[in-house]
Amino acid sequence: MTTGLWVLTGAVVLALAVGGWRAVADGRFARRGRVREETTVGAEQPSVWTEVAAAVPDVAPGERATLLQFSTAFCAPCRVTRRTLGEVADLVPGVAHVEVDAEHHLELVRRLGVLRTPTTLVLDAAGREVSRAAGAPRKEQVLGALGEAL
């Protein structure tokens, strides 16, 4: 076998491995974002909603929980996520879906540790982050994450 064929085979295997990992990891919710860890033992986690309301004053949280989506204009998975989160918010009483344009609110994006779009944060009634997902989550994943917040 020639060297070029070995390189091609290695590149294909690597691409399949990365694609498989992304298919498994995308849209999966993780409990409480790693970026927003509590700084001292027993300290109350700061409210994400306070920061969102300061940056985007014309939005309102849900009574029981809020699905906070960070997206951009040219992001195709963001459209799928918008539709999914909207359906879940319509399905579950007291849950609101709030979408924030990441390009227009970069300071908020940095403070909350959002690294890619779409990113969805599940906030409880007090506005604290319960879990987050990067990528387009499925409806079942969103409902499962909401179960932790309600």
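**Entry 1: Overall layout**

How many helices and how many strands does the protein chain have? I looked this up before anything else, bearing in mind that the model is predicted. I found five helices and five strands in the protein chain. I then read the elements from the N terminus on and noted the order α-β-α-β-α-β-α-β-β-α.

I next took the extent of the C-alpha trace. Along its principal axes, the trace of the protein chain spans about 65 × 35 × 30 Å.

**Entry 2: Burial, contacts and surface**

I asked what share of the residues counts as buried. The protein chain has 150 residues, and 39% of them fall in that class. For the contacts, I considered pairs with a separation of 6 or more in the protein chain; residues 24 or more positions apart account for 72% of these.

I recorded an accessible surface of about 8700 Å² for the protein chain. Carbon and sulfur atoms hold 60% of that surface.

I also examined the charges. The protein chain carries 17 positive and 17 negative charges, and I noted that their mean positions are 6 Å apart.

**Entry 3: A nonpolar patch and L16**

Which residues make the nonpolar surface patch of about 680 Å²? I listed M1, L5, W6, L8, V12 and L16.

Is L16 buried or exposed? I read a relative accessibility of 61% for L16. Exposed means over 50% relative accessible area, so L16 counts as exposed at 61%.

I also related L16 to V142. The two residues are 126 positions apart in sequence, and their C-alpha atoms are 27 Å apart in space.

**Entry 4: Salt bridges**

I asked how many salt bridges the structure holds. The count is seven, and I inspected several of the pairs individually.

I began with R111 and E107, which form a salt bridge with their closest N and O atoms 3.9 Å apart. The cut-off is 4 Å between a side-chain nitrogen of Lys or Arg and a carboxyl oxygen of Asp or Glu, so I kept the R111–E107 pair at 3.9 Å. Where do R111 and E107 lie? I located both in helix α4, residues 106-112, where they are four residues apart, about one turn of the helix. I noted R111 as partly exposed, with a relative accessible area of 38%. E107 is likewise partly exposed, at 48% relative accessibility.

I then turned to E129 and R132. Their salt bridge has its closest N and O atoms 2.9 Å apart. Are these two residues buried or exposed? E129 has a relative accessibility of 2% and counts as buried. R132 is buried as well, with a relative accessible area of 13%. Buried means under 20%, so I placed E129 at 2% and R132 at 13% in that class.

The last pair I looked up was R138 and E140, whose side chains meet in a salt bridge at 3.5 Å, N to O. I recorded E140 as exposed, with a relative accessible area of 55%.

Notes
Residues are numbered from 1 along each chain as its sequence is written. This is a predicted model: local features need pLDDT of at least 70, side-chain atom pairs count only at pLDDT 80 or more; totals for chains, interfaces and linings use all residues. Side-chain values use heavy atoms; hydrogens and water are left out. Helices (H or I, at least four residues) and strands (E, at least two) are DSSP runs, numbered from the N terminus. Buried means under 20% relative accessible area, exposed over 50%, partly exposed in between (1.4 Å probe, protein chains only). Contact means heavy atoms within 4.5 Å. Accessible areas come from the Shrake-Rupley method with a 1.4 Å probe; for residues, only the protein chains shown count as cover. Lys and Arg count as positive and Asp and Glu as negative; His and the chain ends are not counted. The place of a charge is taken as NZ of Lys, CZ of Arg, CG of Asp or CD of Glu. Patches are made of residues with over 30% relative accessible area and no salt bridge: like charges are joined within 9 Å, nonpolar side chains (Val, Leu, Ile, Met, Phe, Trp, Tyr) within 5 Å.
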